[in-house]
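Please look over the sequence and the 3D structure shown here before reading on. The notes that follow begin with the chain as a whole and then turn to its charged side chains.

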Amino acid sequence: MTLVLVVDDVAALAEQYAYDLKRLGDYQTMVAIGGEQAVDAIAREAPDCVVLDLEMPGVDGFDVLRALERRGADVPVIVYTGTGNFDRCIQAVRAGAAGFIDKNEPMERVVRDIQTVLERRRLEAEVKSLRRRLDVESSLLGDSEAIRKLRETIAKLAPIPSPILIMGESGSGKELVARDLHRLGANPKAPFVALNSAALPESLVESELFGHERGAFTGATATRRGAFEAAEHGTLFLDEIGELPLPAQAKLLRVLEERRVTRLGGNRSLPVEAHIVAATNRDLEDEVGVGRFRQDLLFRLNVHVIRVPPLRDRRSDVPALADAFLTGICERFGIRKKRISGDALDSLMAYDWARNNVRELRNAVERMVISADGDVIGPEHVPSEIVEALPPKAPGRDGRSYQALRTEAERQIVIAALERNGWHVTRTAEELGLADHASLLKIMRRLGLQRPSS
Ligand SMILES: Nc1ncnc2c1ncn2[C@@H]1O[C@H](COP(=O)(O)OP(=O)(O)OP(=O)(O)O)[C@@H](O)[C@H]1O
Ligand SMILES: [Mg+2]
């Protein structure tokens, strides 16, 4: 319940105010007679809001405000004077008061002011907590060589105005990379606009991208700015670009070539100032091969490519990621932080996360938090589909062919050696006793292994 403290040197007035506030605002109330009592009461009772008379003998309202400031007390204070002297009220606001009221104002109005102040407090706290979460969520976690290289590439490419293409499996962190590019780019304060063509009906894609003039098509009742305009000097993130319908691809290509955009149904073209970042989990070369993606558009986009490695190629990141998700999830659930046992972590590190990579890991951790009653998450809490899919400790158990098992084992050996050597191909080839780095590259190609990023 909300506790409001009323401070006045005249006890009868304070009591009357408190009584009215309780009746009209349904607040819990208490009174302090004079400034000295007020400072004590605030320290002892931590009220949610203070209504404070400025004119009091001895310790006056200003003294109270100063005392609160000195102690770093964070309670909102609404002040009033009995004299109608607004200059003094304004001075008080400068000294830290959240607002002022006139002693003669109807109580309903005072209650509304208190509500407004409290609501503002609540919103401020919420924004702060959301910001904190965003900051945490928008940075790539992990300390594997692959992630370190990825961070380096991001830092190098972020200031460059040319288009950037991010490639990576589903849930591997492409959007995080795009946000980091924006954060480290020339205009981090400018908007970051994300457009996912897969999530839009084909008929809307172009109008979302380029905007439209009123009457451009049936249903276009008002002029609308498109994503290119909305992104202004910031970043336009074209997510799942592989899903863009061919006609829209043609228009997009023209916009990228001319660096000007025209709204549908419009005849005035506007300069494109946004940094274009595209992402895909498809192999766009393949898509070009089967005629679903324009080659000329691919050439426009793939001058700078960032490859986000799948989680199974950087297993050493799993513990740090799992721990960060664990912290966030327990915080969100409002429970004490749990711990993942070594055995459970082993299973998470051995799993290949092929379906949804980091997102899949986060979901698994959330399910494990819920299924573990105690403080420790053990192997028995690891989701069954993960346990069942783990590579067999005794080869052949899961009925895979000898050939498949051997390839998987080889893959693991090569990845481990690469990680040990920071993905330095020559050094790794030496460690493995191969003839030269070309032999290793050949093996990597056969195993479908790519360097973390180009
Ligand atoms: N390196 C990382 N550190 C911390 N969180 C990560 C990391 N990579 C991915 N995530 C988290 O995993 C989730 C999936 O990441 P993101 O949305 O960036 O992937 P994506 O490649 O865009 O996926 P999709 O292909 O499904 O669009 C997000 O919640 C993201 O915060
Ligand atoms: Mg994404």
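What percentage of the 454 residues of the chain count as buried? In this predicted model, the share of residues that count as buried is 44%. The points below are grouped by topic, from the overall form of the chain to particular pairs of side chains.

**Overall form**

- The chain contains 19 helices and 16 strands. Its radius of gyration is 31 Å, whereas the globule rule gives 22 Å for 454 residues, so the chain is more spread out than a compact globule.
- When the C-alpha atoms are boxed along the principal axes, they fill a space of roughly 95 × 65 × 40 Å.
- If one takes the contacts between residues at least 6 apart in sequence, 70% of these contacts join residues that are at least 24 apart.

**Surface and charge**

- Side chains of opposite charge can pair when their charged atoms come close. In this chain, the count of salt bridges comes to 31.

**A salt bridge within a helix**

- R148 and E145 both belong to helix α6, which covers residues 145-157, and they are 3 residues apart, or about one turn of the helix.
- The side chains of these two residues, R148 and E145, meet in a salt bridge with an N to O distance of 3.8 Å.
- R148 has a relative accessibility of 39% and therefore counts as partly exposed, and E145 is also partly exposed, with a relative accessible area of 21%.

**A salt bridge that belongs to a network**

- R292 forms a salt bridge with E287, and the closest N and O atoms of the pair are 2.9 Å apart.
- R292 counts as partly exposed because its relative accessibility is 47%, whereas E287, at 7% relative accessibility, counts as buried.
- Both residues take part in a network of salt bridges that links E243, R282, E287 and R292.

**A further pair**

- The side chains of D296 and R294 also meet in a salt bridge, for which the N to O distance is 2.8 Å.
- D296 counts as partly exposed at 33% relative accessibility, and R294 is likewise partly exposed, with a relative accessible area of 29%.

Conventions: Residues are numbered from 1 along each chain as its sequence is written. Chains are lettered from A and ligands numbered from 1 in the order in which they are written. This is a predicted model: local features need pLDDT of at least 70, side-chain atom pairs count only at pLDDT 80 or more; totals for chains, interfaces and linings use all residues. Side-chain values use heavy atoms; hydrogens and water are left out. Helices (H or I, at least four residues) and strands (E, at least two) are DSSP runs, numbered from the N terminus. The radius of gyration is taken over C-alpha atoms; the globule rule is 2.2 Å times the number of residues to the power 0.38. Buried means under 20% relative accessible area, exposed over 50%, partly exposed in between (1.4 Å probe, protein chains only). Contact means heavy atoms within 4.5 Å. A salt bridge is a side-chain nitrogen of Lys or Arg within 4 Å of a carboxyl oxygen of Asp or Glu.
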